[in-house]
Amino acid sequence: MTVRAAIYARRSTDEHQVESLDTQLDNARRYALKRGYSLDMAHEFTDTASRAEFAPHRRRGFAALRDAALAGQFDVVIVRDDSRLGGDMLRVATFAQELTDAGVKILFYSTGDEMVLDNEMTRLVAVMRGFASESERRRIASRTRESVERKARRGLVAGGAVYGYRNVPAADGAGRVREVDPEQAAIVREIFERYADGEGLRTVAKDLTERGITPPRVRKDGLGAWAPAAIHAMLRRPLYVGRIEWGHTHKTYKAGTKVRTKTHAHEVVVVDAPHLRIVPEELWQAVQARIERNERHSTDGGRPTSYLLSGILRCGECGGPLSVVNGKKGYDPIKVYTCCRRRDRGGQVCASTLRRQVETVDTAVLAWVSREVMTEELLGRLLAALRGRLEARAKSQGDEVEALERQAAKLRAEVDRFAELALEAPAEARGVFFAKVGERQKELTALEARLRTAKTVPAAMDLEVRRLEVDARRRLEELREAIGRNPVEARRFIQKLFPNGLTATPLPTPGERRMRLVGVSAPGRLFGIELGNSASPAGFETLRHPQNAAFSLDLARVASARMGFAA
Ligand SMILES: [Zn+2]
């Protein structure tokens, strides 16, 4: 298939050093002929505007070129160089992207290059597109919100199931409405009464679970237990006093991610629905007063919100998190790690009775990390593995470069030969040779693109490894310093090192019951050795450190034998 070429030329009176329009057209035609492209006078476009001029009447040729290109009238556009397209980076990038999307290439006859959308340009265009789609997302989100708001005002169901109610079809057949479920409503009232009488959330939750009452939601892990947090949420739900409130939070986008944010009070929709009242107003008020008293009390206490390993340690029995509670050592009050689910929901949910002093466990884990992870030796192993992997890749790239270059040389020779034959042949016979030139030129262009990538990748990778090595060594120093002194940093490091947490199981020893801690570590993450996170040149896949997945450290061996930390 013959490649159809168009030409664009531009020159303004202030550009003395630039070729005249005629010279530009001549050179472009010659370039097309040499490559066997077909030309059509109707597809030669010119402007006499300066670089900065983009007013439609000054850029008629450019506009016509764009329309014809998007209409698929030709396959390539030949121009002298990118300066001919104009000086407005944003416009040129958008134009180039539009043409690329339409499958039209831009070729520069002065250098023989194809205009490639480099990273900066692609990013620019991506930003613009992202902007457009973001405003579209916002419009959709606000439409959704409006529709839910209308529903809430009509008393229709907005949102999912709520404990204490059934969702049934509305009388007018449009949508679904709630009605009170008498059995569940009795439980709701019981919860409110017991809490108003001074019972704790945990006591109520445990009792309901033990009585076998179905909780509001059966969790993904299949645990059919009442959770204190869920009961707390129920105690604050205005629907139980017959008030539908909607819009306390709404979804919005922050840096591309969906998040919930609080709305202003005046945006909250409130609809009275006396037929949905389950709890009498007095009882509701009593419960709200107790919740507020408790909240004030707990913020006065000033207790630390997180310990080194809370949220990182998991119960080996039930898989739930370990949390910190008050315990005793002799007559002294101490803090201990223990299973959160057992404490909140009772022995039916988890049988683990593991308890261990926070200080003991923290010290042991930190000592282990300093000795086993923060070492030159481990860092050396990580870097060596990374280097080995990259060298293997570089070698296979090298072999490919040679093969590609041989192929390209052959194609170039053929293009030259057929172009000469075409120029020597009588006019009516030229078409055949032009077609052959076109075919090979197309192949050659693709080949050269692959060659460029293959050549730049090994050098870029090497640079990347050296940069990572320097970074990693500096980070090792920082980690060593911070882990002993800065608890917040130390916690972050451990989270990074064990992205899936540490599992604690009982380890009986002659003296006492100790804690066995096992986790899969990702030391590469700690040192930032993850090529996937760093900017890498386009054209090669993301590399991940090969050891990250398989690198498993059994803390138990170290812990029980040498560190002596017990539970
Ligand atoms: Zn447990």
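Helices H5 and H7 are roughly perpendicular to each other (a label for angles of 65 to 115 degrees). In this predicted model, local features need pLDDT of at least 70 and side-chain atom pairs count only at pLDDT 80 or more, whereas totals for chains, interfaces and linings use all residues. Residues are numbered from 1 along each chain as its sequence is written, and side-chain values use heavy atoms, with hydrogens and water left out.

Two packed helices are described by the angle between their axes and the distance between the axes. For H5 (residues 182-196) and H7, the angle is about 95° and the axes lie 10 Å apart. Here the axes are lines fitted to C-alpha atoms, for helices over the stretch in contact, and angles run from 0 to 180 degrees between N-to-C directions. Helices are DSSP runs of H or I with at least four residues, strands are runs of E with at least two, and both are numbered from the N terminus. On the H5 side, Val 188, Ile 191, Phe 192 and Tyr 195 meet Ile 231, Met 234 and Leu 235 of H7; contact means heavy atoms within 4.5 Å.

H7 (residues 228-235) also packs against H6 (residues 201-210), at an angle of about 110° and with the axes 9 Å apart. H6 and H7 are therefore roughly perpendicular to each other. Residues making this contact include Val 204 and Leu 208 of H6, together with Ile 231 and His 232 of H7.

Turning to the interior, in soluble globular proteins nonpolar side chains tend to be buried together. A nonpolar core is a set of buried Ala, Val, Leu, Ile, Met, Phe, Trp, Tyr and Cys residues joined through side-chain atoms within 4.5 Å. Buried means under 20% relative accessible area, with a 1.4 Å probe and protein chains only. In the largest nonpolar core, which has 37 residues, Tyr 337 and Val 369 touch the most other members. A second, separate core of 30 residues includes Ile 191 and Leu 208.

Tyr 337 is also one of the contacts of Ser 310, alongside Leu 322 and Arg 491, when neighbours within four places in sequence are left aside. Ser 310 is found in the loop between helix H8 (281-301) and strand S11. Because its relative accessibility is 13%, Ser 310 counts as buried.

Finally, there is the zinc ion. Its protein donors are the SG atoms of Cys 315, Cys 318, Cys 339 and Cys 350, lying 2.2 to 2.4 Å from the ion; donors are N, O and S atoms within 2.8 Å of the metal (3.2 Å for Na, K and Ca). In sequence, these donor residues are spaced C-x2-C-x20-C-x10-C.

How values were computed: Buried means under 20% relative accessible area, exposed over 50%, partly exposed in between (1.4 Å probe, protein chains only). Angles under 35 degrees count as roughly parallel, over 145 as roughly antiparallel, 65 to 115 as roughly perpendicular and the rest as oblique.
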